[in-house]
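Hi everyone, thanks for making time for this. Please have the sequence and the model open while I talk, and stop me whenever you like.

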Amino acid sequence: HGSIFEVVISKPAGIPKETGITAEDFTLLTEQVISVSGLDALQKTSAAGEQKFFGASASYLNPTLDNTYAEITIEFNLNIRNATDAYVFRIFKEWSKLGYDITTGARSLMKDYVSDNIVISEANRDGTIWRSYVFKHVMLTEVSGLGDLDYSATDAVSLKVKFRADWWEEE
């Protein structure tokens, strides 16, 4: 079933202690995950090419892939802790500042703005994990979902966060 999965995200080293964001806060993110998309990138295949010869087409597999990274989008509940702490949003806002802080122009080194890993595990109904991926050196590339307000909206607010990893291991 596509609904039996878990996501664990490690805290990037560059998030300052002054923000109050801890590794435990990242552990809580697991409880706020709604969905994951983009996992088809893990089974990439070479695209077919075509060569013409006297009006006939001959097909072949291209010798390279268009790209070799995975872009994963994870949707989170935007829950509030202790009535005012939008910790899910705050975590990703602080993380996004590590790549480029739009308020100050500050930038960080890759070692500071990547998460060591994101682990996505899928399980059977009895809880046995049948597929698990460990994405390494994961970059946050987009935070979205807070762009619109609507008085007639009845759904809870969620946050979509896009990540990119150049390599991963299947366990």
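**A walk through strand E5 and its surroundings**

Let me start in the sheet: strand E5 and strand E8, residues 158-165, pair in the antiparallel sense over eight bridges.

A word on the model: it is predicted, with local features needing pLDDT of at least 70 and side-chain atom pairs counting only at pLDDT 80 or more, while totals for chains, interfaces and linings use all residues. Residues are numbered from 1 along each chain as its sequence is written, and side-chain values use heavy atoms, with hydrogens and water left out.

Back to E5, which covers residues 70-77. Six of its eight residues are buried, where buried means under 20% relative accessible area, exposed over 50%, and partly exposed in between, with a 1.4 Å probe and protein chains only. E5 also pairs with strand E2, residues 33-37, in the antiparallel sense, over four bridges. In that pairing, Ser35 stands opposite Glu75.

Which residue of E8 stands opposite Thr73? That is Lys162. Thr73 sits in E5 and is buried, with a relative accessible area of 19%. Not counting residues up to four places away in sequence, Thr73 touches Ser35, Val36 and Ser37, as well as Lys160, Val161 and Lys162; contact here means heavy atoms within 4.5 Å.

Now the helices. Helix H1, residues 23-32, has Asp25, Phe26, Leu29 and Gln32 as its buried residues. Seen down the axis, these fall within an arc of 100°, so they line one face of H1; the arc is that of the directions from the helix axis to the C-beta atoms. On the other side of H1, Glu24, Thr27 and Glu31 are exposed. What do the buried residues of H1 pack against? They pack against strand E1 (5-9), E2, E5 and H2.

Helix H2 takes in residues 87-99, and its buried residues are Tyr87, Val88, Ile91, Phe92, Glu94, Trp95 and Leu98. They cover an arc of only 160° around the axis, which puts them on the same side of H2.

Leaving aside neighbours within four places in sequence, Ile9 is in contact with Phe26, Leu29, Ile74, Phe76, Trp95, Ser115, Asn117, Ile118 and Phe163.

Finally, the whole chain. The secondary structure comes to three helices and nine strands, running β-α-β-β-β-β-α-α-β-β-β-β from the N terminus on. The radius of gyration is 20 Å, well over the 16 Å that the globule rule gives for 171 residues, so the chain is more spread out than a compact globule. That radius is taken over C-alpha atoms, and the rule is 2.2 Å times the number of residues to the power 0.38. The C-alpha atoms fill a box of roughly 70 × 45 × 40 Å along the principal axes. Buried residues make up 32% of the 171 residues. Thanks, and over to you.

Technical notes: Helices (H or I, at least four residues) and strands (E, at least two) are DSSP runs, numbered from the N terminus. Two strands pair if DSSP finds at least two bridges between them.
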